[in-house]
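I opened my notebook to get to know a new structure. Here is what I looked up, entry by entry.

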Amino acid sequence: MVHLHHNPFETDSISSPSKPSAYRRRRLWKIIIRSSLVCTLITVCYFFGRSIQWGAFSENYGFSTKDIDFMRYFCSQIQTTPKHGLSAANSLAQLVADELEHHKVGYLNPSDTTPPDDTIPDQVWDDLPVKGAYYMVVRNENLGDARSVIKSMEDHMTNGTRYPWVFLNNQAFTADFKRFVKKVTNAPVFFGKIDLQVWEYPHWIDIPRAEYLMLQQEMRGAHRGASLSYHQLLRYHAGYFFHHPLLRNVEYTWRVEPGADYSCQMDQDMFLFMKQQQKKLGFVLTMRESPATVPTLWTRINEFKDYYPEYILPHNETIWPWIVEKETNEYNMCHLWSNFQLADLSFFRSEAYQQYFKYLDNTGNFFYERWSDAPVQTIAAALFMKKQDIHFFNEIGYSHTSALHCPYSETLLKKCSCDVTSNYGKYRLSLCTKKLLKLIDPETLSDMTNFIQEKQIEIPSKIE
């Protein structure tokens, strides 16, 4: 019978490759090394986890996506529960226990994608005067539209698009999308995933009712009323985009719409202008909302005003008179067209706006009706924002779908390639725009009117 000791080789001192003391030393060193690795991992996660671009590790250095997923999860646990001091073994066990369905069904995970980005490192803004970012909600199939608008902005900016780009999608971005987008800009680019908890139906929605009412909206002429994804997109723009982790440290955003086009040379840093002039919303176009899309919005707005008067500014200090018909005290459907929007995110993150959006969202009418981000944000600006906080960017030539803005200014037109006689498509210097400029920038309105008269540009007689 063979009696095994601590080291099975001890029984034969001649054939044993090590003495007992050497064996114990090796075991001790292994324990020390493993403990050091775990401690190092915990330290890195605790202090640097949020600034690490996990997607870049997989994309640029060939790390396994499964390893990256584990590291990301482990670090998130360390950051959110530091008091518990989770060990690597406990974190791994927790990861297995919390696996979602799609983790267990391999074919649902695209093979050519990497984990989404979840933070912009602070050093990205080291050479920039403002923590600004361009952001776009776009899908993989709209790659051509995304590239075209980026190229348009690159071509019309003095130094190109220097600020970081943030692309958001409710699906995973493909490797092709990422690769071809990066080819048209030298600016930092980040690809994020929209949280499906804020994209899908919230728990209070009666889904069969919503689906029935969306079909009814389409029949009543509401643009894309039957499209669930369009309802989700409008709701996301209205109340959630500024919460995305990639925009965590961003102060100002420039919303960029796939397929849009810019037609004037932009020599000024628009983000810096917004900050220096203390502006909170910038626009180039106004529109009228279709009444079929917002049948009860105004009723809910007046309810909110009654419930939360502490948030409401005096009407004479805001653009409230611009959106209300004097005779009926009803909403006149005018709004700032948000497809182009420069915004100070502190406005959307404010307590007033958060309470306002929560109240509207709980009605379910982003689905039961077809409430759009544009009127929702515009009415919020009329409630919580002083009129001097809003800026009209007359110098920016912009077009998207049927709408076009070309500057009504001989000086500005020298830097543009647009046709001012086709301005705004069917929204040519609309009554909404004129009435708003009377409130926020009468000098620019006067200059525009003089230019129109001098050049004898035809405009609809009803707005004279």
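**Notebook: a helix and some salt bridges**

I started at Gly221, which follows helix H9 and has a positive phi, near 95°. Helices here are DSSP runs (H or I, at least four residues), strands likewise (E, at least two), numbered from the N terminus.

I noted that this is a predicted model, where local features need pLDDT of at least 70, side-chain atom pairs count only at pLDDT 80 or more, and totals for chains, interfaces and linings use all residues. Residues are numbered from 1 along each chain as its sequence is written, and side-chain values use heavy atoms, without hydrogens and water.

Next I checked which residues of H9 are buried (under 20% relative accessible area; exposed is over 50%, partly exposed in between; 1.4 Å probe, protein chains only). I found Ala210, Met214 and Gln217.

Then I turned to salt bridges (a side-chain nitrogen of Lys or Arg within 4 Å of a carboxyl oxygen of Asp or Glu). The structure holds twelve. I looked up Glu257 and Arg255, whose side chains meet in one at 3.3 Å, N to O. Salt bridges with shared partners join Arg255, Glu257 and Asp373 into one network. Arg255 counts as buried because its relative accessibility is 4%, and Glu257 is buried too, at 14%.

My last entry is Glu251 with Lys275, their closest N and O atoms 3.2 Å apart.
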